[in-house]
Amino acid sequence: MLSILYNVKQVNVFHDLGYFRFERNHEFRLGKKAAPRFHVRLPQQTVLCSSDVAMLCYWGAKVREGFGLIQPDKVKHLNDGIRCVCPTSEIQDISVGRNFVGFIRNGKVSVSRLCGDDHDGELKQLETENQEITLIVCGGDDPFLLAHGGKVIIMDESTNCRPLKDLANRHVIQITSGDQHSMALTQEGQVFVWGENSHGQLGLGEGGSGSQTPQHVQCLDGVPLAQISAGGDHSFVLSLSGVVFGWGKNSSGQLGLGDTTDRHVPTVVKSLNGKKTQFISCGGEHTATLSKGGTVFTFGSGVFGQLGHNSFKDEYLPGVVAELWGSEVSQVTCGRHHTLVLVAPSKRIYSFGCGMQGQLGNGKMTNQSVPSPVHLPAEFNDEFVFGKLIVGEHHSFALFFKQLGHVPPKPESNPNRGILTLDDRMIDQWVSECDNKINQVFSSAACLNGSFLKTSCDEHYQTSADVCGLDFDLVKKSFAKLSENKTVMSKVVKTVRDKLFPSLNPKEGFTSVEALRVYLLLPELIRVCQEQQRVHLLEALTSKILQLKPDALEVLENYWSKLPEDCLKDLVKLFRNTSAVLIGEISSGEMICDERIHLKKLMQVLQMIYKVCCRTHNDMTSRDFIIHKVNDLLDILQATLVDAESWLLGDFDEMLERKDHFVKTIEMLVSFPFVAETVSKWRIFKFLQDPVSKKSIPDPHDFMLFWTGSTLHINRNSILKDTLQYLRQGNHSFQHLLKVKFVGEDGIDEGALSAEFFSLLSQSFLTWKKKPLKVCENSLVWFNAEYTHNEDFYYLGVVCGMALFNHFYMSIEFPLALFKKLLDQSVTLNDLEEMSPVEARGLKDLLEEGEEVVEVLFQNFTFKGQELIPNGAQIPVTTINRQKYVDLYVDFIFNKSVKNQFEPFSAGFSEGCPVKAWKMFHPEELREVFNGSPEYEWEDLQKCATYEHCSPSDELIKNFWTVFVELSEKNKKKFLIFMYGTGRVPAGGLSKLKLKIVQMNNPDSDDLLPVAQTCFGILYLPKYSDIDTLRHKLIHAISFCEVFGRA
């Protein structure tokens, strides 16, 4: 909580706010740490005050002697025009404005009109219908009163009082007035304004006219405010994190924004960010702020010296009052044209500014541009403690309180100190009593945003787009405690759902980043709710997050990136598990359209978090985001599609409706690559290829054509030429599966011939005399930048896309960078390191070397004679720009230099694979389904094997696996080619293959070779007499097979 180093509640005098009730001997504090008291020593021989309550000193323009508080002859006259009054009744608060001075004594209000004639300054007690008054504010016109319970009362010209009806249902905690406008702050953190708006001082936007009724400043909603303050025609508010907002008249720079342009909406004074501002005071056309530690900043009009900068110039930006630098200033307050401060260690009051009517208290009727001490008696009596400073148009006051028995009285709590915020005491009270303040706190974003601030090391004062200022340990502890009481949690949930969410208006943007804290706090609250409550609350929160404007989303994502590790994991888990609940409900057959809409919104926010983690949290992996319930949905869809295939000629309307519901959900999930692992994505890809899934009422002809496919007749000896000639004819239907027929061969393509086709075609592209591809280090393949025949790259892309669409592998080892580019992702130096390790190592060395080494390299912004940027040959690489050089270097290799090759390749790839579900793969996954898995877990092949006419315990099978394990890695891959037509491992590993071993009981088994039925993964294994014969025959079969499956 905000802790302010004032003994008493600082109040408005002419313009500034008098917003805190002050009771005798109270310390001024907004937090737990109280400020030190200031003892006033009066001359021992002089009895200035016999009162048992207080002493009031005042100086400046002529007023009625004693203000009617005491008889005029009882007023003590000190040096330099300072007078001393010792009233017989307790003064709780004072405020001075243009026309009135007001006093609160024992909850009653008395006002005196400021005028030189004694009879006009008569002290008159106001009739407030027995309401206890806690605050009076005398601004430019008539005073405002604040009664116990937060009711605002207006005094008219005849000193009659009436309630301000438009705020009757609000609990107001602070009020302040300027020349012709007023402000109020409610306990829920809302700001209301009324009065003239000639300079935008109401903060309601351009073109807004004045208003005689209070208007809500909506753009400040959600900002946890500590103070409001009004000047002549300008306004300020201060947040609990020390952020200062100003608006209104700015002719003298009194808003501190560096210019003289009026502002019509609250605007952050950026130059005060991080200054730990704890208090603001506004004068006629100048402003002063007080920071923790006692530093005073002033800005605005300086024509009378009221800025204290040793000049009479206006200042458009906040500047430190240099003469007070290092002093522990505890109070600062502004009058019309002068300023007063109290310095704690020296126990002195300093003044500067206009002194033409003696309001500086230094005995001179001149203006003063530097702080000078007010000439109070040099010695102070320990019986008095300093209370507060009050200044008006041409007046200054200092209030002292008597300290009986020399023992500091225990300060009493002030119920009006600020907006409601959560703390341990309040939560304990709620848990035990279910206090009605639950509704107030959880219905207000401002109250929540002002809670749980990280006050240790003043971190909350550093709140910015990078620092949220929240103590998440306290957040977790507090919400866990709340969750222990089901009655309390039920009330909290209802309040958040019915009041807080409707009050959030993210479409309007945000005035301060502090307003975004609620989007960090609510997930922590929702996390401890029951499951059904979690689903509904998170759906509502998700909708609000997605309505945030881009700049707000950017800040929120930055906050996510800085979350403690456990909080980030909890956030991911919350969105992931809630999404899983909705997917489970969809899988159960509940065809509710809203569920899919809600799911999409949850996935959109989860995707934002995923991207944040990819950028900043290496310990968070893609697996942390996988929703395994997707597999259940795929199982249900698969069962539904099986039914659809069997009912193609029948009545299946109900089944099709269910199928369409599932397919639309699957299609929606394609946009979120993190949602499933590779195998599930591959299932999704194949589902969305199926014509049954693509049409509400599939055409039987299309269904059959998809599976029978387009047949390509090809000659083994001219495979590349024939393929390109076939594709150029433009007759191929890419929407259907490919079937291959080798000219002169009897094989029927059940998959193996196509696998062989793409394997042979891969080798043909690599050995093509035109050399469109080049082999780099590590045997990786990249585009030949010198080859410019774009059509060839287009058809290369078409073939690669066709291989993916038909579920086969290409034996072209492209680097990961290609798959990143296909997925529109950026490439990095790490990608260059994979393709060209030596080249990348040189660039990394460049980034690590010292300045003296970089200079002697004589490197410039060129690559093999080509300039990376305009005039690059004339720009040397230095330690300052070397990162830019490396980035441009990598960009040139992967992007600019091969732009004319990659673009047609990419277009061809999309043509060859028309099902866009391939875009849901991560780059590593896309490479795996394109090239096959790089992981050869050979034991998985044995685990997935099934047997016919034999069993795993038979000697033949034992011998087979013994021989297989003994094979070299090269021969094991040959076995895969022998069995399946390709040596590539499918996505998900060897366990995804089918291997059926059938024992052949021929009388001449030792003379036979093993035979593979490649399309179906069947190995016909003769019953060999011994292991050596089996070894010899198997190695011969896999080494000399000319046609797949046969030696």
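Asp1006 sits in the loop that runs between strand S38 (995-1000) and strand S39 (1011-1013); strands (E, at least two residues) and helices (H or I, at least four) are DSSP runs numbered from the N terminus. The model is predicted: local features need pLDDT of at least 70 and side-chain atom pairs pLDDT 80 or more, while totals for chains, interfaces and linings use all residues. Residues are numbered from 1 along each chain as its sequence is written, and side-chain values use heavy atoms, without hydrogens and water.

Asp1006 counts as partly exposed because its relative accessibility is 31%; buried means under 20% relative accessible area, exposed over 50%, and partly exposed in between (1.4 Å probe, protein chains only). Together with Glu955, Asp1004, Asp1007 and Asp1026, Asp1006 forms a negative surface patch.

The whole structure holds 41 aromatic pairs. Rings of Phe, Tyr and Trp (its six-membered ring) pair if their centres lie within 6.5 Å; planes under 30 degrees apart are stacked, over 60 edge-to-face, and the rest tilted. Two of the pairs are listed here.

| Pair | Centre to centre | Angle between planes | Type |
|---|---|---|---|
| Phe757 and Phe758 | 5.0 Å | 70° | edge-to-face |
| Trp938 and Phe964 | 5.8 Å | 70° | edge-to-face |

Trp938 belongs to helix H26 (residues 938-943) and Phe964 to helix H27 (residues 955-966), so their pair ties together parts 26 residues apart in sequence. Trp938 is buried at 9% relative accessible area, and Phe964 is buried at 2%. Phe757 and Phe758 are both buried.

Note on methods: Patch = residues over 30% accessible without salt bridge, like charges linked within 9 Å, V, L, I, M, F, W, Y side chains within 5 Å. Areas by Shrake-Rupley, 256 points an atom, 1.4 Å probe, with all protein chains shown as cover. Salt bridge = Lys/Arg side-chain N within 4 Å of Asp/Glu carboxyl O. Lys, Arg positive; Asp, Glu negative; His and termini not counted. Charge placed at Lys NZ, Arg CZ, Asp CG, Glu CD.
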